[in-house]
Amino acid sequence: MVAGYGAPMKFALLAVTMMGILVGLLLPGAKPKAAPQPALAAVATADQPRETVLEREDNGHFFTVADVNGEPIKFVVDTGATTVALTQDDARRAGVKFDPSQFDVVGSGASGAVRGQQVFLNDVVLDGKRVSGIHGLVLEGLGISLLGQNYLSHVDISIVGDKMVLK
């Protein structure tokens, strides 16, 4: 970071993260379809990184399954979210330590304050594309986990028509 810009940059980063999270929370029809079976099998057996091809769902989003700390978690791929954000249930299944009594306001949106807690994720792996040692958020009231830029910035992404490709 450039000296003297620490607080404004952190605020901007948090604002962008919250915008992505709110889009995911507020969209109608955000109940995703089941992940394609090949993606589940690839996550479970991946040793070498492989290309991931996702089809746009009827609600306009791309969904996938990625391992968090070795546990398969369903995500909406959210290129507007700065950080990987987990539902409380997904965080528990992945063994992520958090305490809802310690939730704090981590942003605000159209529906008010967004509460959660920053956490550490050992590994996030999608079809062998591993990112280790990243921060995430566990959010109160989140309906589906979000795969954000602190993971996505480590892979090449292209979207053509209704297909997203992650390499």
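I took two strands as paired if DSSP finds at least two bridges between them.

Before going on I noted that this is a predicted model, in which local features need pLDDT of at least 70 and side-chain atom pairs count only at pLDDT 80 or more, while totals for chains, interfaces and linings use all residues. Residues are numbered from 1 along each chain as its sequence is written, and side-chain values use heavy atoms, with hydrogens and water left out.

I then followed β1 to β10 (residues 163-166): the two run antiparallel and are joined by four bridges. Leu-54 has Met-164 in β10 as its bridge partner.

**Cores.** I looked next for nonpolar cores, meaning sets of buried Ala, Val, Leu, Ile, Met, Phe, Trp, Tyr and Cys residues joined through side-chain atoms within 4.5 Å. Buried stands for under 20% relative accessible area, exposed for over 50%, and partly exposed for values in between (1.4 Å probe, protein chains only). The largest core has 27 residues, and those touching the most other members are Val-68, Leu-86, Val-96, Leu-121, Leu-147 and Tyr-151. Two or more residues each come from β2, β3, β4 (84-86), β6, β7, α4 (149-152) and β10. The largest share, four residues, is from β6. Another core, of 10 residues, lies apart from it and includes Phe-63 and Val-106.

I listed contacts (heavy atoms within 4.5 Å) for Leu-86. Leaving out residues up to four places away in sequence, Leu-86 touches, among others, Val-68, Phe-75, Val-96 and Leu-121.

Most residues other than glycine have a negative phi. Which phi does Asn-69 have? I read a positive value of about 55 degrees. Asn-69 sits in the loop between β2 (63-68) and β3 (71-77), and it counts as partly exposed because its relative accessibility is 24%. Asp-127 also has a positive phi, near 50 degrees. Asp-127 is in the loop between β6 (112-126) and β7 (129-139); at 5% relative accessibility, Asp-127 counts as buried.
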